[in-house]
Amino acid sequence: YYYNRTASNCAVSGDDSDQMLEKIKNLSEDQKQAVKDAECVVISTGGNDIIYYTCQALLKYCANLNMLNDGYTIDNLPERPSLSQLKQIVKIDGTGGLREHLGNLNNAMSFVIEVRDVSKQLRVDMPDKGYNCYIKNHIIKNISDAVAEIKAVNPNAQIVVQDIYQPLQIPKTFIDSNARLSAYSVAITQFRSIFEDIMSAFKKELTTQAESDGFTVADVLTDFTSQEEGVMKTDADPGHASYFVDIAKSDILSADVHPNQKGHLAIAANIINVIGDTHNDNGVLSDIYEN
């Protein structure tokens, strides 16, 4: 609507960067023609990779502590577990459930250590220590290969790649009201901090690759976690991602990390600014925002 142009959507919800790259390598003739005709190609990927990688590690953690629901074992866990599958498979409430487990401070700290190790596997490049920087060596490599594939079809298109927003900017007051136990609150607060590091690492690696490959980065992360001028981010006031994601409208362990309508509008506005072709849209974006 904003540009009064035709858009072709080749994306598939739930795909990770492996699946994204495979689809780009095997575009249909109609899709390939759309790429040839495109002035701009926008890529959004990597978030599902991080979700699947993290959920797989957490499922194994819960399996080793016998916190899986009936019918699930460490041997029949899904290859690409989503957040919804994580919540379906893990025993969250009741005796022996995850919430009770995290109510013990020692258990909460053990959980935090596990998540911190996952974070290192994602962002640290130290093979001798067992950390192979999955973000750089797998996700970013897939993005780089995808950009090369697109340029082979259309060398003149502007290519914009989004970084990944951090959805866990949850106000501490909301965490405390949902936690019920202080140790649980500590674990969730630490979890948020860890994912700050992961998304910042993704942004850094993506920006570095953009310089080599000649694509542009849409910095969604900064927009989603911004603060008012002169206001510092703190545990009590960590930024505004909870405004763009409906994560602070339900119980933490059942919250939705996907952008709401305001979040999608913020992403669209960021991409428009990156493209650089801004104009008076006669209220299109403001009408969406107000609705």
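1. Is Ser-119 buried or exposed? Ser-119 is buried, at a relative accessible area of 1%, where buried means under 20% relative accessible area, exposed over 50% and partly exposed in between, with a 1.4 Å probe and protein chains only. This residue is found in helix 6 (residues 105-123); helices (H or I, at least four residues) and strands (E, at least two) are DSSP runs, numbered from the N terminus. Leaving aside neighbours within four places in sequence, Ser-119 is in contact with Ile-194 and Ile-198, contact meaning heavy atoms within 4.5 Å.

2. Some notes on the basis of these values follow. The model is predicted, so local features need pLDDT of at least 70 and side-chain atom pairs count only at pLDDT 80 or more, whereas totals for chains, interfaces and linings use all residues. Residues are numbered from 1 along each chain as its sequence is written, and side-chain values use heavy atoms, with hydrogens and water left out.

3. The overall form comes next. The protein has 13 helices and 5 strands, and its C-alpha atoms fill a box of roughly 60 × 40 × 35 Å along the principal axes. For 291 residues, a compact globule would have a radius of gyration near 19 Å, and the 20 Å of the protein agrees with this; the radius is taken over C-alpha atoms, and the globule rule is 2.2 Å times the number of residues to the power 0.38. Of the 291 residues, 42% are buried. Among contacts with a separation of 6 or more, 68% are between residues 24 or more positions apart.

4. Helix 3 (residues 47-64) has 18 residues, which at 1.5 Å a residue should span 26 Å; its end C-alpha atoms are 26 Å apart, in agreement. The expected span is 1.5 Å times one less than the number of residues. Buried residues of helix 3 include Asp-49, Ile-50, Tyr-52 and Cys-55. Just after this helix, Asn-66 takes a positive phi of about 55°.

5. Ile-50 also belongs to the largest nonpolar core, which has 73 residues; Ile-50, Ile-143, Phe-202, Phe-215 and Phe-224 have the most contacts inside it. Helix 9 (residues 182-213) gives the most to this core, with 11 residues. Such a core is a set of buried Ala, Val, Leu, Ile, Met, Phe, Trp, Tyr and Cys residues joined through side-chain atoms within 4.5 Å. Not counting residues up to four places away in sequence, Ile-50 touches several residues, including Leu-122, Ile-164 and Phe-202. In soluble globular proteins, nonpolar side chains tend to be buried together.

6. Asn-142 lies in helix 7 (residues 134-153) and counts as buried at 8% relative accessibility. Beyond four places in sequence, Asn-142 touches Ser-17, Asp-18, Met-20 and Leu-21. The side chains of Asn-142 and Asp-18 are joined by a polar contact of 2.8 Å, that is, a pair of N or O atoms within 3.5 Å; within protein, one must be able to donate a hydrogen and the other to accept it, and residues adjacent in sequence count only if both atoms are side-chain atoms. Asn-142 and Gly-46 are 96 residues apart in sequence and 9.3 Å apart in space, C-alpha to C-alpha.

7. How many disulfides are there? The count is 0, a disulfide being a pair of cysteine sulfur atoms within 2.5 Å. For Cys-40, the nearest cysteine sulfur is that of Cys-10, 13 Å away; Cys-40 is partly exposed, with a relative accessible area of 26%. The sulfur of Cys-133 is 20 Å from the closest cysteine sulfur, in Cys-55, and therefore too far for a bond. Cys-133 is buried, with a relative accessible area of 1%.
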